[in-house]
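Please look over the sequence and the model below before reading on.

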Amino acid sequence: MTYTRDQLITALNAEYEFMCHDDFDPDVDMSPSEYLTHLQSLSIDELIDDITPPDNEFTLDDFMTRYF
């Protein structure tokens, strides 16, 4: 399946908010708005690389099903 850049950003942002919900450290972690700005600066290839690193067992479709 093909995803747009905006869909990838939305999913990555949703994952970040989920992960920060219980384990956010403002001294170390970006705020959700800072993270969104960071995501918006990435190319579609960089976004996909963030979702599917080589050691990750989840496929892009798995990730999108979970967070989009």
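The model is predicted. Begin with helix α1, residues 5–22, and helix α4, residues 60–67. Their axes come within 9 Å and cross at roughly 65 degrees. Because angles of 65 to 115 degrees count as roughly perpendicular, α1 is described as roughly perpendicular to α4. The crossing of α1 past α4 is left-handed.

On the α1 side, the contact is made by Gln 7, Leu 8, Ala 11, Leu 12, Ala 14, Glu 15 and Phe 18. Helix α4 contributes Leu 60, Phe 63, Met 64 and Tyr 67. Sorted by class, the residues in this contact are nine nonpolar, one polar and one charged.

The largest nonpolar core has 16 residues. Within this core, the residues with the most contacts are Leu 8, Leu 12, Leu 39, Leu 47, Phe 63 and Met 64. Two or more core residues come from each of α1, α2 (32–40), α3 (44–51) and α4. Helix α1 gives the most, with six residues. In soluble globular proteins, nonpolar side chains tend to be buried together.

Leaving aside residues up to four places away in sequence, Leu 8 touches Tyr 3, Ile 44, Leu 47, Ile 48, Ile 51, Leu 60 and Met 64.

Ala 14 and Phe 63 are 49 residues apart in sequence, and their C-alpha atoms are 11 Å apart in space.

Technical notes:
Residues numbered from 1 in each chain as written. Predicted model: local features only at pLDDT ≥ 70, side-chain atom pairs only at ≥ 80, totals over all residues. Heavy atoms only, no water. Axes fitted to C-alpha atoms, helices over the stretch in contact; angles between N-to-C directions. Helix = DSSP H or I, 4+ residues; strand = E, 2+ residues; numbered from the N terminus. Parallel < 35°, antiparallel > 145°, perpendicular 65-115°, else oblique. Left-handed = near helix turned anticlockwise from the far one by under 90°. Contact = heavy atoms within 4.5 Å. Nonpolar A, V, L, I, M, F, W, Y, C, P; charged D, E, K, R; others polar. Core = buried A, V, L, I, M, F, W, Y, C linked by side-chain atoms within 4.5 Å. Buried < 20%, exposed > 50% of the residue type's maximum accessible area, 1.4 Å probe, protein only.
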